[in-house]
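User: Please take me through some of the secondary-structure packing here. I would like to begin with strand pairing.

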Protein chains: 2
Amino acid sequence: MSNDKKFVESITSRDQDFAQWYTDVVREAKLCDYSSVKGCLNYLPNGYAIWENIQSNLDKRFKETGVENVYLPVLIPESLLQKESDHIEGFAPEVAWVTHGGLEKLEERFCVRPTSETLFCDHWQKTVKSYRDLPKVWNQWNSVLRWEKTTRPFLRSREFLWQEGHTLHATPEEAKERTQLMLDIYYDFVTKDLAIPLIKGRKTESEKFAGAEATYTIEAMMHDGKALQSGTSHYFGNGFPDSFDIKYLDKNNQLHSAYETSWGLSTRIIGAIIMVHGDDSGLVLPPRIAPTQTMIIPIAQHKEGVLEKANELLEQLKNIGIRVKLDSTDKTPGYKFSEQEMLGIPTRIEIGPKDIEKNQVVVARRDTGEKITISLNEIDKKLPEILEDIQQSMYKKAESFLNSHIKSAITMEEMIEKFNNERCFIKAMWCGSEECEDKIKSETGGAGSRCIPFNEEKLSDKCICCGKEAKHMVIWGKSY
Amino acid sequence: MSNDKKFVESITSRDQDFAQWYTDVVREAKLCDYSSVKGCLNYLPNGYAIWENIQSNLDKRFKETGVENVYLPVLIPESLLQKESDHIEGFAPEVAWVTHGGLEKLEERFCVRPTSETLFCDHWQKTVKSYRDLPKVWNQWNSVLRWEKTTRPFLRSREFLWQEGHTLHATPEEAKERTQLMLDIYYDFVTKDLAIPLIKGRKTESEKFAGAEATYTIEAMMHDGKALQSGTSHYFGNGFPDSFDIKYLDKNNQLHSAYETSWGLSTRIIGAIIMVHGDDSGLVLPPRIAPTQTMIIPIAQHKEGVLEKANELLEQLKNIGIRVKLDSTDKTPGYKFSEQEMLGIPTRIEIGPKDIEKNQVVVARRDTGEKITISLNEIDKKLPEILEDIQQSMYKKAESFLNSHIKSAITMEEMIEKFNNERCFIKAMWCGSEECEDKIKSETGGAGSRCIPFNEEKLSDKCICCGKEAKHMVIWGKSY
């Protein structure tokens with residue numbers, strides 16, 4: 001059994017060194033690694049398969065609300081990026097520039113897209129003429145490049161995968177409604193399919209997207225108490241469209257401004273799955289998103305009939321729509337158990353000669369370690385129930401962790417003390433000034449405003465920092 | 001009815017000016033347009049939805065043979081691109097170079113990937129150590145950039161979408177088998193799902209991929225008699241892996257070379273769908289790939305009960321898995337008919353007060369124009385049958401076109417005359433020399449070797465060009 005131990009011992013304990021634990025899990029579960037392009041990742045089969053399931057589940061939700069997918073170019077001309085002033089200011093320091101095409105120097109530089117608002121607006125400027133052309137409700141699944149200085153797998157890399165939705169509407173009301181709808185879709189997807197509880201809210205002025213009028217966010221709490229911004233939805237008003245001279249004629253032939261939104265969710269969310277659910281044995285994947293939901297591991301597989309029965313079960317479970325695999329390699333069962341646990345596969349089924357004799361199997365849950373003996377006559381009914389129970393339990397566990405790690409503070413001393421001693425978010429009142437935001441961040445060692453939650457409370461009348469009249473309750477936290 | 005005419009008249013007749021007809025269809029069906037990035041396309045909803053169906057149908061076939069999806073970076077360091085000499089020679093003149101990241105000049109240039117062999121090899125060099133690590137059977141869906149001088153929608157653009165599969169094997173036999181398997185998958189997909197008949201074969205030395213030992217291809221014939229290379233599968237031998245120093249230890253601890261393949265199919269294939277099946281009313285989409293398979297068009301929709309019944313039918317057909325839409329806009333039915341035809345939607349269902357009275361609908365086939373009256377009691381059974389019949393008929397029609405446009409030639413005079421007077425491929429014998437290939441191309445006004453088909457015939461003993469001993473029968477043709 002030396003093999004098993006070796007496998008498990010290769011990762012650091014989660015509570016001993018969370019950052020190292022994270023790196024170890026990413027490596028041992030073979031989710032991604034660094035390529036020869038500094039700061040850019042190779043998304044390997046185990047990691048990319050999670051992304052494919054995210055894409056598929058989210059895309060389905062998008063399309064149910066009328067979203068159409070498109071693909072716009074990977075390059076953006078410098079002049080186009082410059083059309084909206086806040087936008088270029090926000091992105092210019094972190095884009096990569098193409099200066100040569102083939103053997104020739106280009107007349108104008110192109111950047112590799114850091115985001116595509118400018119390309120969508122440019123297209124709409126040429127094609128949207130009348131109210132009949134609206135709304136446009138478009139999305140693309142692509143990669144973007146931002147020249148980050150420090151990087152971490154999934155959490156921050158120079159190139160990352162995401163979807164960016166861009167929509168154009170005849171009225172502010174319709175655009176605002178779409179902004180909220182997409183935030184709701186993210187919330188629904190992340191809570192239900194990824195089993196990650198969230199706080200929904202609005203970003204403060206200083207934290208909103210370059211060029212947006214309002215940015216809404218879903219914020220998750222990792223096991224170390226830090227926040228991970230898990231998806232954002234932006235309302236642009238007519239700022240971008242006006243900068244690009246997008247106007248449409250209404251039914252009465254009057255010229256109007258158009259109103260825009262954009263919204264995105266990226267491969268960062270895989271980092272959240274790891275850091276919310278993972279444990280000392282590795283990854284723990286929610287069944288709805290797990291590329292493999294069940295791994296069948298035969299016991300004493302050399303004995304007559306074992307592999308045959310295991311294969312029979314494999315086909316049987318495939319037929320009822322379970323994403324199932326059979327590990328019939330020559331590794332020891334113990335090693336296979338460790339490997340299945342490291343990969344976060346929600347359940348494993350052990351099947352050996354004695355089980356076959358009794359017409360049963362043993363199902364082990366990845367989340368709790370519980371082992372359940374189930375008759376082969378009932379497996380088709382019971383296994384989906386167990387998977388659903390795992391999904392719900394994982395959410396409840398994470399939800400109770402989040403709820404018990406949100407604290408309140410009325411004074412700066414209280415806030416600083418809590419951030420020093422606990423892994424937590426802190427609810428506190430705020431006057432609305434950027435100065436106080438900055439001061440809180442520096443005095444707490446980096447806890448910024450995560451969002452003004454939709455369900456604000458009134459903890460006091462005064463800003464926790466300057467003591468002036470409070471405008472909002474803010475959720476503060478350190479973050480990835 | 002003036003609206004309908006206007007819509008249809010907006011495209012050129014196919015037999016009058018094929019190139020203009022193509023451009024008109026792409027524009028009027030809103031498949032794609034040129035972006036502000038010279039030579040790069042915006043893939044618009046109608047075009048991208050076709051690509052999504054191609055991806056989904058092809059990806060399913062890939063995964064059934066054990067392919068795993070990954071994603072590797074969009075940038076390639078110059079030093080990496082240079083590791084395989086034929087490869088850099090082939091691609092250097094047509095890549096775009098990133099020279100600045102953020103505000104700084106880079107120490108080493110990166111190109112935006114024109115293809116990713118070098119990145120896959122670089123990763124495998126670091127991670128493949130033993131026979132246990134093989135095979136690697138990987139694929140990625142992405143975009144690549146090649147700095148083309150002249151471009152045409154879908155057929156040739158600076159950036160295009162594709163999948164690139166890359167695999168690594170312990171033996172040449174296994175790699176060769178994978179090369180053929182992927183070619184067979186392309187053949188199966190293009191013939192069955194896209195209803196496009198094909199010629200399978202091997203490329204000549206001068207036409208093979210930069211760095212490959214052998215390139216296999218599927219070639220389709222467009223309505224103007226020109227060829228479109230529709231997918232390629234390459235066997236690399238150990239050339240690339242050796243250049244990258246990829247070696248593995250076998251069971252006896254002996255060090256070995258590894259063997260590689262790559263294979264790709266791109267958005268060019270959308271050009272083939274247009275040019276094989278389209279007609280003077282616009283696009284004609286094969287049902288298996290059509291984003292919308294049926295458009296319900298209500299007649300006299302203001303009359304009581306019509307829209308209700310149309311909506312009922314919409315839900316009913318959705319429930320049996322038909323991709324169906326209802327056009328209840330205020331355009332005239334005639335205009336809607338023209339639009340549905342332009343978009344290539346395989347069937348439309350006309351439903352009006354008289355139909356409802358008789359409990360029937362009229363189904364019109366896009367491919368033949370035939371109108372079929374069907375009882376509403378039978379629509380669930382009949383409509384899928386009609387769609388399947390359209391799929392088969394489209395293939396048979398295209399197959400008979402291809403077969404009747406492949407000619408043979410024994411002398412150069414005969415070949416030149418045929419290429420001058422007919423739209424066709426020509427089968428002719430060839431000695432194997434690049435000189436004769438070049439000469440044939442220049443004397444026929446551009447007909448190159450498309451492939452040495454798998455089912456070679458012996459038309460004569462001599463090369464059609466130099467008269468020396470013939471080695472192969474080649475399919476010659478002008479091409480996109």
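**Strand pairing and helix packing**

Analyst: B:Val361 stands opposite B:Ile374 in S19(B). This is a predicted model, in which local features need pLDDT of at least 70 and side-chain atom pairs count only at pLDDT 80 or more. Residues are numbered from 1 along each chain as its sequence is written.

User: How many bridges join S18(B) to S19(B)?

Analyst: Five bridges join strand S18 (residues 360–365) of chain B to S19(B), and the two run antiparallel. Strands are DSSP E runs of at least two residues, helices H or I runs of at least four, numbered from the N terminus; two strands pair if DSSP finds at least two bridges between them.

User: What is the strand order in the open sheet?

Analyst: The order is S16-S15-S17-S18-S19 in chain B, with mixed pairing. Its edge strands are S16 (324–326) and S19 (371–375) of chain B, each pairing on one side only.

User: Turning to chain A, at roughly what angle do H2(A) and H9(A) cross?

Analyst: The axes of helix H2 (residues 18–28) and helix H9 (residues 268–277) of chain A cross at roughly 115 degrees and come within 11 Å. Axes are lines fitted to C-alpha atoms, for helices over the stretch in contact (heavy atoms within 4.5 Å), and angles run from 0 to 180 degrees between N-to-C directions.

User: Which residues of H2(A) meet H9(A)?

Analyst: A:Phe18, A:Trp21, A:Tyr22, A:Val25 and A:Val26 meet A:Gly271, A:Ile274 and A:Met275 in H9(A).

Notes: Chains lettered and ligands numbered in written order. Heavy atoms only, no water.
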